[in-house]
Amino acid sequence: FYIGRAVSPSPIIWHETLYAGEGDHETHHARIYAYDLKSGKLKASFTTRGHTEGQPVIAEYQGKTFLFAVAGSDGLHALEAETLRPVWQQIPGHSDATIRVSRGKVFITTGIDKDGKLGDVARAHAYDFLTGKEIWRRELPGSSWMEPVLVENDVCFIVGEVYFPSQYGQFICLDQDDGNFTRAQNFYGPLIGTPLRVGNFIYVADINGEVCALDYPELKRRWCYETHKETALSYSAFSYDPHHNLLLYPSIKEGLYVYSPQSGERV
């Protein structure tokens, strides 16, 4: 499958169709492609005005199936999954985070791009799945670059700066229905790894390579470990192996860490 620019978001497969976005942070007018997996032929494409670093998402609600694509400063596009025809667009700010969908709402966050300045506002937004109408918006204490997690009636986001020196991070939860604050936990480094939920535990990683387990709903730290003390920045996140009930974390220089999810014991 030939794609014009670097493929930075993970491709997805739906109904024997491969969907892939293109472009790194410097790309503009990046496209989303849909390929027939049997023939390899291009079925459709859609051109944004930004870059498509966030993973596209296929979701269904009330008989409608959309592909959602984030496009940096070009915001969020809702496209018909079969044809990639545009349905609606919202531009909440600079959006690179993969969206989440729950109960007819689309949740997305924004971040402060390198062309901005520290002190600019980052937000979380909820949009109506079918129409794109904004349901609520809430200011966040910093950028949120990764996909949120859903726990009970909460939608929870990581907070942390990538383009500016910072010693602050946060894991914050908002009510899915009205966006009101419910709970949060602060950190001494920007959270950047995509948060992972396994049962009532949530696993996060900061830009300095510290990994932590939080319980829900208290969000207390059950365990935390430093995986390195070098100045190199880490953008890694946990993966979970359900067959062996183990967490995996790829460190910068120390190889692959394997942890017990509950105790944090290094296996």
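Student: Asp154, Cys156 and Ile158 point one way from strand 14, while Val155, Phe157 and Val159 point the other way. This is a predicted model, and I'd like to know why these residues are called buried.

Tutor: A residue is called buried because its relative accessible area is under 20%. On strand 14, which covers residues 154-159, six of the six residues pass that test. That includes both directions, with Asp154 on one side and Val155 on the other, and the strand counts as mostly covered.

Student: How do we know which strands pair with strand 14?

Tutor: Two strands are said to pair if there are at least two bridges between them. Strand 13 (residues 149-151) is joined to strand 14 by three bridges and runs antiparallel to it; here Val149 has Cys156 as its bridge partner. Strand 15 (residues 169-175) is also antiparallel to strand 14, with six bridges between them, one of which sets Asp154 with Asp175.

Student: What stands out in the turn between strand 13 and strand 14?

Tutor: These strands make a hairpin with two residues between them, and Glu152 in that turn has a positive phi of about 50 degrees. You'll find another hairpin at strand 9 and strand 10, with two residues between the strands, where Arg103 takes a positive phi near 50 degrees. In the hairpin of strand 3 and strand 4 there are five residues between the strands, and Gly40 has a positive phi near 80 degrees.

Student: Why is strand 10 described as largely enclosed?

Tutor: Five of the five residues of strand 10 (residues 105-109) are buried, so the rest of the structure largely encloses this strand. You can check it face by face: Lys105, Phe107 and Thr109 are buried on one side, and Val106 and Ile108 are buried on the other.

Student: What makes strand 9 and strand 11 partners of strand 10?

Tutor: Again, it is the bridge count, which has to be at least two. Strand 9 (residues 100-102) and strand 10 are antiparallel and share three bridges, with Phe107 as the partner of Arg100. Strand 10 also pairs antiparallel with strand 11 (residues 122-128) over five bridges, and there Thr109 has Ala124 as its partner.

Student: Why are strand 21 and strand 23 called edge strands?

Tutor: The open sheet is ordered 21-22-23, with antiparallel pairing. Strand 21 (239-241) and strand 23 (256-259) each pair on one side only, and that makes them the edges. Neighbouring strands in this sheet are turned by 30 degrees against each other on average, direction ignored. Strand 21 meets strand 22 (residues 246-250) through three bridges, and Asp241 stands opposite Leu246.

Student: Why is Asn200 called partly exposed?

Tutor: Its relative accessible area is 42%.

Student: How do you know what the linings of the pockets are like?

Tutor: By sorting the lining residues into classes. The largest pocket holds about 400 Å³ of space. It has 18 lining residues, and those closest to its centre are Glu53, Gly54, Asp96, Trp145 and Met146. Its lining divides into eight nonpolar, seven polar and three charged residues. The second largest pocket, of about 150 Å³, is lined by residues including Arg100, Val149 and Phe238; its classes are six nonpolar, two polar and three charged.

Student: And how do you know whether the overall size fits a compact globule?

Tutor: A compact globule of 267 residues would have a radius of gyration near 18 Å, and the protein has 18 Å, so the two agree. The C-alpha trace spans about 50 × 40 × 35 Å along its principal axes, and 51% of the residues count as buried. The protein has zero helices and 23 strands.

Technical notes:
Residues are numbered from 1 along each chain as its sequence is written. This is a predicted model: local features need pLDDT of at least 70, side-chain atom pairs count only at pLDDT 80 or more; totals for chains, interfaces and linings use all residues. Side-chain values use heavy atoms; hydrogens and water are left out. On a 1 Å grid over the protein atoms alone, a cavity is a set of points where a 1.4 Å probe fits but cannot get out, and a pocket is an open set with protein on both sides within 12 Å along at least five of seven lines; lining residues have an atom within 4 Å of a point. Grid points are joined across faces, edges and corners, and a volume is the space filled by probe spheres set on the points. Ala, Val, Leu, Ile, Met, Phe, Trp, Tyr, Cys and Pro count as nonpolar, Asp, Glu, Lys and Arg as charged, and the others, Gly among them, as polar. Helices (H or I, at least four residues) and strands (E, at least two) are DSSP runs, numbered from the N terminus. Buried means under 20% relative accessible area, exposed over 50%, partly exposed in between (1.4 Å probe, protein chains only). Axes are lines fitted to C-alpha atoms, for helices over the stretch in contact, and angles run from 0 to 180 degrees between N-to-C directions. The radius of gyration is taken over C-alpha atoms; the globule rule is 2.2 Å times the number of residues to the power 0.38.
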